[in-house]
Amino acid sequence: MASILRFRKLCYAVPLKLQSFEFSKVDQKQKLDKKEEDANVFLPAQDLLEVDDQKKKYPKKQQRKWRCIDSCCWAIGYLCTTWWLLFFLYHCFPATMPGFQVPESPGVRLKRDGLTALHPVVLVPGIVTGGLELWEGRPCSEGLFRKRLWGGSFTEIFKRPLCWLEHLSLHHETGLDPPGIRVRAVPGLVAADYFAPGYFVWAVLIENLAKIGYEGKNLYMASYDWRLSFQNTEIRDQALSRLKSKIELLYVTNGYKKVVVVPHSMGVIYFLHFLKWVETPPPMGGGGGPGWCAKHIKSVVNIGPAFLGVPKAVSSIFSAEGKDVAYLRAMAPGLLDSEILGLQTLEHVLRVSRTWDSVVSLLPKGGETIWGDLDWSPEEGHACQLVKKGNFQCSPNDNYTDAMRGFQIKETEKYGRIISFGKEESQLPSSQIPILNSKQELLHGSATETVNSSCRGVWTEYDEMDRESFRKIAENKVYTSKTILDLLRFVAPKTMQRAETHFSHGIADNLDDPKYEHYKYWSNPLETKLPDAPDMEIYCLYGVGIPTERSYVYKLSPNDKCKSIPFRIDTSADGDQNSRLKGGVYFVDGDESVPVLSAGFMCAKGWRGRTRFNPSGTVTFIREYQHKPPASLLEGRGLESGAHVDIMGNVALIEDVLRVAAGASGSEIGGDRIYSDILRMSERINLRL
Amino acid sequence: MSLIRRRKQNETSRPTRSDPSSIDKEDDNKKKIPAKDQNAEEIALKKLRKWSCIDSCCWLIGSICVTWWFLLFLYNAIPASFNQYVTEAITGPVPDPPGVKLKKEGLTVKHPVVFVPGIVTGGLELWEGHQCAEGLFRKRLWGGTFGEVYKRPLCWVEHMSLDNETGLDPSGIRVRPVSGLVAADYFAPGYFVWAVLIANLARIGYEEKTMSMAAYDWRISFQNTEVRDQTLSRIKSNIELMVATNGGNKAVIIPHSMGVLYFLHFMKWVEAPAPMGGGGGPDWCAKHIKTVMNIGGPFLGVPKAVGGLFSAEAKDIAVIRATAPGFLDNDIFRLQTLQHVMRMTRTWDSTMSMLPKGGDTIWGGLDWSPEEGYTPSKRKQRNNDTQIANEDESEVVASQRKHVNFGRIISFGKDIAEAPSSQIDMIDFRGAVKGNSVANNTCRDVWTEYHEMGYEGIKAVAEYKAYTAESILDLLHFVAPKLMARGSAHFSYGIADNLDDPKYRHYKYWSNPLETTLPNAPDMEIFSMYGVGIPTERAYVYKLTPSADCYIPFQIDTSADDDDTPLKDGVYAVDGDETVPVLSAGFMCAKGWRGKTRFNPSGIRTYLREYEHSPPANLLEGRGTQSGAHVDIMGNFQLIEDIIRVAAGARGEDLGGDQVHSDIFKMSEKINLQL
């Protein structure tokens, strides 16, 4: 009996023991408690006799109550107080700590050099970075009026994920708003200064521009709904008309100084579209007349331009994966496919992103001429050398284990095969690959519709295909940038049909063909001419030295369940030490999203001098920025980063933009600055100019 | 011992009770314990005391935090429509918001809409600042949370002030208006300005491309917004763009408060030829503007502006002073709040655009005023229950007997305010010598022009006793010469004798409706929409400040109260929307522009829409859906409905023409203005 009681006492003392503060004190207390309890256990009888005693013991009653919840409260209170105290101290600190010298921002330095605002600046954000807000929604989005659905804190994803996805999707036939939903681009500089709190996109550049005197009247963010196809932004929101009117206004109100346009990522091809649109006569275009660009635009400073598309877009349409998703899958298999929570994340993502026409604008353009075919690619050979001298992040160097396997003779990677099923197929010479006549096979393959009604509500176009066609796709083994379009047309017929009325991915044989007056060619630099503006300058500013996705090794998904994506990147496909294959992805040099080829080719060759794509001889400049990861944590995302978005904080890039905005010409800031093999690559590309 | 504990013990010992040996043991122990028990108890108590100093604080905070989080969690967990349920349970079904209601009627977007915010409500953000404003780049200095006011008040005042001479940016500081709808949708978190209207317009399909906010820096004079920021050019280009991209449907302009004057200025500017104006040509307005729907427009200025410029106070501050005397003059914290405020606001040219215009003709002389005979209590009775009404009846009779001189915008002393003009002994202040202030150095860094006036000047001002709308201007010229010199280059307050006089082509006349003609746009319509039924400042009773000359030497005499007249706490009130008297908001549309007058040569039609104020029925309604107050009226369902109807294509007659609750027509008739 006594032992039972003692045990109970201990139980009471345990919560206290868990408090890690001041152990000795607690221990003492514990002992005391024991004694106390020893005493108390037998009190009931006494109490019955002496009622008065209860009064005496009243204070102890309180003490008793302090045990379980109270100690929790105490701990929380303690934490809160400490937190506040630290917070308070943090705020008391002077903004600039002595000892820690913040490097001077380029804006301040250039201001001291006497640079001031001269040309008005227009910023054109890219895909994904611009904020979107809700103007009209379904009942489930109650209370979100004019709140950001995209950008900002993304809290709604967690609160009501399905509702969120529903509102971000577009109509899968028209590519415009679904009925009853209006999601619109956030206007103004706030649209893309920060993507999420603390994650800058344009903010650093804006701040530096402000240092030399820029402000609302000579700085404008041309935000647009990046989900739509470019022409649809005009049809639905009149975004192109607005941009035109704003540029004209900036030009007039700033003493007839021409505008410097700074597009980023997809904004680059959006602005390319604009350049054609604005000079085209009204029903289809803006009716600015043939001299509009020459009159209003000083230079186009493209940052991280995706002129010729990005291979990433292929995988995201094909299977909603990129390098990141593939890694995630390799590390935590099953997480993404988990059925337990009923998530099916990727399927949802695939479904939503396939309603976004703009993704299609980023598919590789120029076919095999640019991106290489089964046996050839412009990047072959050079890339790995460059990796060794330039970039220590390069993935193959880490793979010592794979080097042991060494079953493969050192051979050049076949980057041209953007999708291959199986690692071997990605490396074999083309003669050994069993190639079906892809197009015929695929398009006329049996696509019997077996819509499985037992599955949950996720709907992707894969559900309309049967296993047979999946197998056929996989049997075809390899796809180049030309056949990839056929593949996508097959697996995502509606998406591609919709989007291909807005975008084209070929190369024009004859640019004077009247068919090229259609807007679908305007965003493809290989199917349009630059405007007649000989004084205009075009810059290509991009980072180099980061492995960038170039082609993928796929496999059929083992998952037989319905409503799942039948293909996935084969993360087990790793190359040997010298190979640039890792986790099923072949890498080349680039800025993590855009390969050098896509970013630099037009400026390096396609438009250089007077070519058929550039009839007026607009001057082009290439400015590359070698990637250096941040030296310390204090630097945040780095002052010399070359990554696709982080480059917007790159000091050298900011300086270049500021100098151009303040009136410098391309040769004054130093002309070309090249670290990569872009010139050699361009030479290998056999494009008639 | 705790009761719980005891019960538990009973439970555990119950099964063993059958066992006699254990009972024995228990008995044994019982005998042993008492001595030991006492001892342990004492030590435990000591221990307890140690626990309870900081620890109980922590405990308290902890439990508060936990409760808070718990409640927060609950609050987040309840559905969003919960609030509505509660409201409906208490007050019965809430009417549909006008946007929803009108959407059901089939109204859709037609005309693009442009909002022109008023003074104070627009946000301002920092683009370049001094050292002390580190880290505030592109953060709101005005609007939003105003967090910086508390953190670094002097820095804030420094950045919000403009240059004392030019009325533009001080060197090294650039504070610019926030652009876009966010500029003035909410003034502070939860305090809507345009947000309700925007939300309702969105219901019938409006969005960013058909709706825009003509944000401007409301601190600087109207023409300077163009000189510095090219704001007028932007508005012009924006309206042109919206009209072009919306199939040629003309724009509906909705200015509020000072935005009304700003837009008047704009309409003249846009048609004036290029160097001074926008060069839009003589038919720009006719081509681009369908309707101007002025909300709470101070066309003829507001008496509040006088109080603001003269002594940086108005009714609110006077009330604070009356209830907590000494608080504002507090020297302990070295605050001198009002002086700082005054120094800052006196650099803002725009405040001068709101001084009463039209002089004695409009605002009344020493002995007459257009409003005479009005008492606010008469109006109150309509809102309140009828019991009070009977009492008020007698008051009305009394006040009608007693003549109120609203024309005397400032009087020194209550008796002066009430005496017939013949009895006032006015000594002209205009020639008075300003003595040098002795105590300049002791006044620390606060500097207002009063410090240059000296005692002589101050006395001279007080000696003049009563000021009407005309002499008020002389008074301000006397007490704030720099301010007025700067301001009179941009604004004018007179009445034009001959509007064709070429001098009226200067921009300083453009924002005064009595010195400009409306544009030649016969199809355009002008609405004047404002709340009525709230006592609004009209005239002040001042006194000299008793304390030394570091202070603003004049203040409202809060002891001046009168039950018979609308005088309360030194302020005479008339009917209005709490800020703008009916006279100022309604006169132009009721008389000045009605029909074809010399101010309105093309006969633009005008409509008066008054909204009777009724305060929110309960707390859940927030700021009310039937409010008539100057800013809260933006949430008035009736007003929103009118706006939406017009935006969707209705004309003035479709709305029902005039809707008048106040005496505006009677007042207008008393005003003898050549038309």
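Colleague: How far is the sulfur of B:Cys285 from the closest cysteine sulfur?

Modeller: This is a predicted model, in which local features need pLDDT of at least 70 and side-chain atom pairs count only at pLDDT 80 or more, while totals for chains, interfaces and linings use all residues. Residues are numbered from 1 along each chain as its sequence is written, chains are lettered from A and ligands numbered from 1 in the order in which they are written, and side-chain values use heavy atoms, with hydrogens and water left out. A disulfide is taken here as a pair of cysteine sulfur atoms within 2.5 Å. The closest cysteine sulfur to that of B:Cys285 belongs to B:Cys589 and is too far for a bond, at 15 Å.

Colleague: Which residue holds the cysteine sulfur closest to that of A:Cys293?

Modeller: A:Cys293 is buried, with a relative accessible area of 0%, where buried means under 20%, exposed over 50% and partly exposed in between, using a 1.4 Å probe and protein chains only. Its sulfur is too far for a bond, being 16 Å from the closest cysteine sulfur, which lies in A:Cys603.

Colleague: Which cysteine is joined to A:Cys603 by a disulfide?

Modeller: A:Cys603 lies in helix H27 (residues 596–606) of chain A, and its partner, 63 residues apart, in strand E12 (residues 537–544); helices (H or I, at least four residues) and strands (E, at least two) are DSSP runs numbered from the N terminus. The torsion about the S-S bond is about 70 degrees, so this disulfide is right-handed. The S to S distance is 2.0 Å, and the partner is A:Cys540.

Colleague: How many residues apart in sequence are the parts that the pair A:Cys140 and A:Cys163 ties together?

Modeller: A disulfide joins these two cysteines, S to S 2.1 Å. A:Cys140 is partly exposed at 32%, whereas A:Cys163 is buried at 8%. Because A:Cys140 lies in the loop between strand E2 (132–136) and strand E3 (148–150) of chain A and A:Cys163 in helix H9 (residues 161–168), the separation of the parts tied together, in residues, is 23.

Colleague: What is the angle about the S-S bond that links B:Cys132 and B:Cys155?

Modeller: The sulfur atoms of B:Cys132 and B:Cys155 are 2.1 Å apart and form a disulfide. B:Cys132 is partly exposed, with a relative accessible area of 31%, while B:Cys155 is buried at 9%. The link is right-handed, and the angle about the S-S bond is 85 degrees.
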